[in-house]
Amino acid sequence: MPVITRRTTIFGLLALLAAPALADDFPAVANSGYDDWVARFRARALKRGIGAKVFDAAFRHAGFLPGVIEKDRSQAESIYGMEDYLAITASDERVAAGRKVLSSKARLLGQVEARYGVEARVVAAIWGVESFYGTKRGNVPVISALSTLAYEGRRASFFEGQLMAALKILAHGDVAPDQMTGGWAGAMGHTQFIPTTYLSYAVDFNGDSRRDVWSDDPGDALGSAAHYLASAGWVKGQPWGVEVHVSKAAGKSAGKIRTVAEWRKLGVVLGSGEAVPDHGRARLVTSSGPGFLLFHNGLVLGAYNASNRYIVGVGHLSDRIVGKGDLAGGFPPDSNGLTQADRVFLQQRLTRLGYDPGSTDGVFGPKTAAAIAGFQASKGLKATGVASPDLLGLLR
Ligand SMILES: [Ca+2]
C-alpha cells in the first residue's frame with residue numbers, strides 16, 4: 001500500500017458539515033502586512049519554479065480574508081460528538097439524496113467503480129458527505145483563502161505548502177484562477193480535495209484533457225476520489241466496518257487494532273447481537289452509544305480523512321443509501337436529559353411555532369439556542385436558550 005499523506009483535518013471535518021462556504025461571507029479587506037507577505041512569498045514561489053506570469057495572474061484578484069482566520073480560530077470549539085456527527089452525515093435528507101444520485105448518476109458511478117474498484121455507494125457517500133452531492137462545493141477563492149492562512153493562520157507552513165500546490169495546479173492549466181474556488185480552508189470541488197491531494201490523485205476521468213473537480217460535471221472529481229481510495233489500498237467487495245456492541249472488557253481497547261477472533265474473545269458482538277464476521281484485523285471505535293469495528297477498507301477511508309467519525313459517517317451513509325437500516329444501538333440522553341428524538345421533536349415544534357432553530361436534525365447550534373430563548377421569553381420564563389425535559393413538556 002503506498003504511503004498516503006494524511007489529510008489531518010479537523011478543518012476538513014467542519015467545513016464539510018457546515019453550510020457551504022460562500023465568497024460573500026468572506027469579503028477581502030486591505031492589509032499591508034498581508035501584501036508584504038505576498039511579495040516575499042512571490043520570491044519563494046518563483047524560486048520553486050512557479051512562473052511569474054502564473055503567480056501574478058493567481059494573485060491579481062487575491063486578498064486577505066479575515067473571515068477565514070476567524071473560522072480557523074473558532075473551529076476547535078464546535079467539534080461534534082459521534083451522535084450529532086452521524087445525525088448530520090447520514091441524515092434522512094442526505095440518504096434520500098444519495099439514493100437519487102445512485103440512480104441518476106448510475107452510469108458514471110458504474111464507470112468509476114469499473115475503473116478503480118471502489119463501489120458506487122462508497123464514492124456516492126464521500127460525495128454526499130464532502131459537498132452534499134456537489135450542491136455545497138463552496139465558492140471562496142482558494143488562492144485568497146490559502147494565502148490568508150499561510151500569512152496568519154495557526155498552521156502557516158501547512159497552508160503555504162497547500163498554496164504552493166495550488167499555484168502548480170494553476171500553472172498546469174487545469175482551471176482558471178477565478179474558477180479555483182472551495183471551502184474556507186482551500187478544500188476544492190465536489191470531493192473537497194486539498195491542493196496536495198489534487199496534485200497526487202486527481203484524474204481526468206471524462207477525457208477532456210483537464211482535471212476539473214470544480215465544474216458542474218462531477219466525473220473528474222468522483223473518478224479522482226475513487227483513484228485516491230484505490231491508491232490507498234481499497235479492496236472491492238469488502239465492508240468498511242460494522243456496528244458493534246462493545247463489552248466493558250473491549251472498551252479498554254478502543255482505538256486498538258486486533259483480529260476479529262480477539263475482539264470476539266473480548267465480548268464484542270454485532271449491534272444485532274450476532275457474531276462479528278471476520279474481515280481481518282479491525283480497529284475498535286467507541287462512542288457514548290454504539291461502537292464500530294473498522295476493517296481494512298475503513299482504515300483506507302482514513303487516508304481521505306483520519307477522523308473516526310468521518311470514517312463511520314461515510315461508511316454508515318454508504319450502507320444506508322443502499323437500503324441498510326439505521327443503527328441498532330441508541331445513544332444515551334444528552335447533558336440536558338434529552339434524547340435525539342426529543343431534540344428533533346423540540347426543533348420541529350419550535351419551527352411550527354414560528355421560530356427558526358436552524359435545522360430539525362436534532363443537532364443543536366446557536367440558532368436552536370436562540371429559538372429556545374425566544375420561546376422561553378414568550379412563556380415568561382428565563383431565556384436561557386438551554387433545553388430541558390420540562391421545556392419539552394411545555395411544547396408537547
Ligand atoms: Ca476532465
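**Domains 1 and 2**

I began with the spacing of two domains and found that the C-alpha centres of domain 1 and domain 2 lie 29 Å apart. The protein chain is divided into domain 1 (10-231), domain 2 (241-320) and domain 3 (340-395), with bounds that come from an automatic or database domain assignment. I note that this is a predicted model, in which local features need pLDDT of at least 70 and side-chain atom pairs count only at pLDDT 80 or more, while totals for chains, interfaces and linings use all residues. Residues are numbered from 1 along each chain as its sequence is written.

I then looked up the contacts, where two residues are in contact if their C-beta atoms, placed from the backbone, lie within 7 Å. By that criterion 20 residues of domain 1 are in contact with 16 residues of domain 2. Helix 1 (10-17), helix 5 (82-89), helix 6 (92-104), helix 8 and helix 12 (219-231) each supply at least two residues of the side of domain 1 that touches domain 2, and helix 8 gives the most to that side, with six residues. Here helices (H or I, at least four residues) and strands (E, at least two) are DSSP runs, numbered from the N terminus. I sorted the residues of that side of domain 1 into 12 nonpolar, five polar and three charged, counting Ala, Val, Leu, Ile, Met, Phe, Trp, Tyr, Cys and Pro as nonpolar, Asp, Glu, Lys and Arg as charged, and the others, Gly among them, as polar.

**The chain as a whole**

I counted the secondary structure of the protein chain as 19 helices and seven strands. Its radius of gyration is 22 Å, close to the 21 Å that the globule rule gives for 396 residues, so the chain is as compact as a globular protein of that length; the radius is taken over C-alpha atoms, and the rule is 2.2 Å times the number of residues to the power 0.38. Along its principal axes the C-alpha trace spans about 65 × 55 × 40 Å. Buried residues make up 45% of the 396 residues, a residue being buried if 20 or more other C-beta atoms lie within 10 Å of its own, exposed if 12 or fewer, and partly exposed in between, with C-beta atoms placed from the backbone. Of the contacts with a separation of 6 or more, 68% are between residues 24 or more positions apart.

**The nonpolar cores**

I took a nonpolar core to be a set of buried Ala, Val, Leu, Ile, Met, Phe, Trp, Tyr and Cys residues joined through C-beta atoms within 7 Å. The largest one has 98 residues, of which V123 and L293 touch the most other members. Helix 8 (residues 120-131) provides the largest share of this core, eight residues. Domain 1 and domain 2 both give residues to this core, so it lies between them. Leaving out residues up to four places away in sequence, I find V123 touching L109, V112, V118, L222, A225 and A226. A second, separate core of seven residues includes L346, L350, I372 and A387.

I traced five strands that form an open sheet in the order 4-6-7-3-5, with antiparallel pairing, where two strands pair if DSSP finds at least two bridges between them. Strand 4 and strand 5 stand at the edges, each with a single partner strand, so one side of each is left without a neighbour in the sheet.

Strand 4 (residues 257-258) pairs with strand 6 over two bridges, and I257 has R283 as its bridge partner. In strand 6 (residues 282-285), A282 and L284 point one way and R283 and V285 the other way, and all are buried. Strand 6 and strand 7 form a hairpin with five residues between them; three bridges join the two strands, and V285 is partnered by F292.

For strand 3 (residues 241-245) I noted that four of its five residues are buried, so the strand is largely enclosed by the rest of the structure. Four bridges join strand 3 to strand 7 (residues 291-294), with E243 opposite F292. Two bridges join strand 3 to strand 5 (residues 269-270), where V244 partners L270 and H245 stands opposite V269.

**Helix 15**

Last, I checked helix 15 (residues 296-304), where eight of the nine residues are buried, so the helix is largely enclosed by the rest of the structure. Its buried residues pack against helix 8, helix 12, strand 3, strand 6, strand 7 and helix 16 (308-320).
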